[in-house]
Amino acid sequence: MAAYSLHSSYSLLSSRSSTASPTLNTCTVQHPRAALSRLHMLLHSAAVSALLYYRISNLVRGDVPLLSWGLITLSELIFTFVWTLTQAFRWRPVVRAVAPENLPGDEELPGVDVFICTADPKKEPVVEVMSTVLSAMALDYPAEKLAVYLSDDGGAAVTAYAMKEACGFARVWVPFCRKYGVKTRCPEAFFSSFGDSERELLLHGGGDEFTAEEDQIQTKYEHFKRNVEKAAELENDVNDDRPPHVEVIYDNKNNEGTVNDISKLPLLVYVSREKRPSRPHRFKAGALNALLRVSGVMSNAPYALVLDCDMYCNDPTSAKQAMCFHLDPKLSDSLSYAQFPQIFYNVSKNDIYDGQARAAYKTKYQGMDGISGTVCAGTGYYIKKKALYCSPNQEDEFLREPQKNFGYSTKLIDSVSTLNRKTANNNQRKNLLDDATVDEAKKLVSCTYEQNTKWGKEIGYSYDCLLESTFTGYLLHCKGWKSVYLYPDRPCFLGCTTIDMKDALVQLMKWASGLVQVGLSKFSPLTYGMYNMSVLQSMCYGYFALSHFLSVACFLYGVVPQLCFLYGVPLYPKVTDPWFAVFAAVFLSSMGQHVYEVFSSGGTMRTMWNEQRIWMIKSVTACLFGCLDVLMKYIGIAKSNFRLTNKAIDQRKLDKYEKGIFDFQGAKMFMIPLTLLVLLNLVCFVGGVKGLIGGGGGGVAAAAVAMFGQGLLSFYVLCLSFPILEGLVPKIGK
């Protein structure tokens, strides 16, 4: 009802007199989806309650095998717990839209700093990183109010060299994009097959002049690529023992006097913070905090766009779309960040690894957006810097003892004080960045600067979790900040998803370990979160933090019913028993909900099947190992370790991925439990069916009636497992 009133108020505002502020955004509750979800909650919860009553009552009476029934009941309790948390996403899903045309003029827009982080030129190809840098430099935003910072945690000489080469190419690329209204402003994408349709449209509008200029630009881009790739072949080593290096590649104050606006470039800065083997460097959170400080003494924009190095800007208007929320007087005082979805350009039609993450970006994020804000995805979000320094409406909270909180830099403290002013143009510099400012920036990225300060604790990105953005976003919501989620028709950011099993599982294991660690810490969403935010929002965060324990339930469900089927021990009611309908109702209800969500978000039956299959695989591999990783950290066997996902593309792997063939190479550690479970399921199914056919005194029909549920479950898992058997057992694939 509140959302309906809010949406109505937007409509009223737009119909008022011309003196009223124009509408910058709208928020619409998906009422049919919410109503159906709430009805499903009621019916499904009744069926689940009946199922648990059946399980527990039989265990209490003691007339069933205690071990097998106890384990299967435990797994069903875990499923029920996680399902309950999931319902918060379905309570009030919303869809947002923006009207950038209603924004004030460019001279009134606030500044935006772009933060891009890279760590290893071998795993994150330098040309790909520079494509992201170039796309950010070409954003449709006033050049004097835009700054692009690259954090190089590898300290590689080739990255610093590539930044200078990229700046040189930007002098022709950015004006070209602005002149012809190019939307795909990543040159690698524009000159590839992805940009064919746009180039064809521009050709019709620009004629021979466009063709000639395009050829010149493409030639210069190929030259730029060759130079960078050649440099990477000669020198791409990571330097883990180095002094700080801050270099202004291009100062946008040089734009002054430039008559033609399309030729103006934003501020471009290379940052490689000091790194010593004996000092903690705090991984990506440390890099982002370093960029916060450096940008504070250089451009000091009130807002920042955070991007992964492989996530290029696909829509140049993303900054203005985000400002439609940040400049909305109804939202701005409590709004911390505007999140855009992660969309990947290399997702195949089959999408066997669920790279599109449909359940997250088209279902869960919209659901969280309806209850004070979605989770921070780690890339593709515009954040208000002030939110990282204080609570809403408490701007001076950490300025009472500034040196104790922010460190000894008076320039940095002054910049934080400036952020608290209400003027939109508080980031405007008068002069070029001098050597003194660069020297100050180097001090701000030294190993010792954060000592005895609140950086990483109460200020900036938190160091308490390796998933720095997600955990920091959670803490911002706990402080009272809100966020919004926008899923535009044209993806604002495009990245590269994993195309083999190893990288997909390594990435998920990193997420699972970090999130489970939060779920079991003092910051657990079900304790700390419940106290500091709404129940529904804490349930959503509780799902992200604790849903990986489904791996335990899936593992039990992959072992216990199969062994019982093999030895003829019934775990489910007979088909003729009325209680069997309860189990069937729970299964069909869950499947029906999944089918509805897939089809309502533009998916197909193949999408649903692929999601079911990869969910099962990930649950008993990466999620299980993530939980074990947390356990080993608690008992001191392992320590926190940042696992960088490989962004380099292997053509052989890409060919297999596009054909829908699973690639298990390099994933032996993860494949051990998966292989054992699949083979166990196959052996137990064959043995169980053989036992039913052999029959006992009761005959085949009676045995089939008693064991139908387990046989059906085993057969269903076997169908999901066929591609795994095909990949692991060569004979099946022949």
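**Figure 1. Packing of helix α19 against helix α23 in a predicted model.** Helix α19 (residues 560-567) packs on helix α23 (residues 668-694) at an angle of about 30 degrees, their axes lying 7 Å apart, which makes α19 roughly parallel to α23. The crossing of α19 over α23 is left-handed. From α19, the residues Gln 562, Leu 563, Phe 565 and Leu 566 make the contact, and from α23 Leu 680, Asn 681, Val 683, Cys 684, Phe 685, Gly 687, Gly 688, Val 689 and Leu 692. Sorted by class, this contact of α19 with α23 holds nine nonpolar, four polar and no charged residues.

Terms used here: helices are DSSP runs (H or I, at least four residues), numbered from the N terminus. Axes are lines fitted to C-alpha atoms over the stretch in contact, with angles from 0 to 180 degrees between N-to-C directions. Angles under 35 degrees count as roughly parallel, over 145 as roughly antiparallel, 65 to 115 as roughly perpendicular and the rest as oblique. A crossing is left-handed if the near helix is turned anticlockwise from the far one by less than a right angle, and right-handed if clockwise. Contact means heavy atoms within 4.5 Å. Ala, Val, Leu, Ile, Met, Phe, Trp, Tyr, Cys and Pro count as nonpolar, Asp, Glu, Lys and Arg as charged, and the others, including Gly, as polar.

**Figure 2. Helix α21 crossing helix α23.** The axes of helix α21 (residues 605-634) and α23 come within 9 Å and cross at roughly 140 degrees, and the two helices are therefore oblique to each other. Their crossing is right-handed. Ile 617, Val 620, Thr 621, Ala 622 and Phe 625 of α21 meet Met 669, Phe 670, Pro 673, Leu 674 and Leu 677 of α23, a contact with nine nonpolar, one polar and no charged residues.

**Figure 3. Helix α14 crossing helix α16.** The axes of α14 and helix α16 (residues 525-532) come within 8 Å and cross at roughly 40 degrees, so that α14 and α16 are oblique to each other. This crossing is left-handed.

**Figure 4. The largest cavity of the model.** The whole structure contains five cavities of 30 Å³ or more, a cavity being a set of points on a 1 Å grid over the protein atoms alone where a 1.4 Å probe fits but cannot get out. The largest has a volume of about 90 Å³, volume being the space filled by probe spheres set on the points, which are joined across faces, edges and corners. Its lining (residues with an atom within 4 Å of a point) consists of Thr 470, Phe 471, Tyr 474, Leu 515, Val 518, Pro 525, Tyr 541, Phe 544 and Ala 545. At least two lining residues come from each of α14 (468-479), α15 (501-519) and α17 (535-546).

Residues are numbered from 1 along each chain as its sequence is written. In this predicted model, local features need pLDDT of at least 70 and side-chain atom pairs count only at pLDDT 80 or more, whereas totals for chains, interfaces and linings use all residues, and side-chain values use heavy atoms, with hydrogens and water left out.

Terms used. 1 Å grid on protein atoms, 1.4 Å probe; cavity = no way out; pocket = protein on both sides within 12 Å on 5 of 7 lines; lining within 4 Å.
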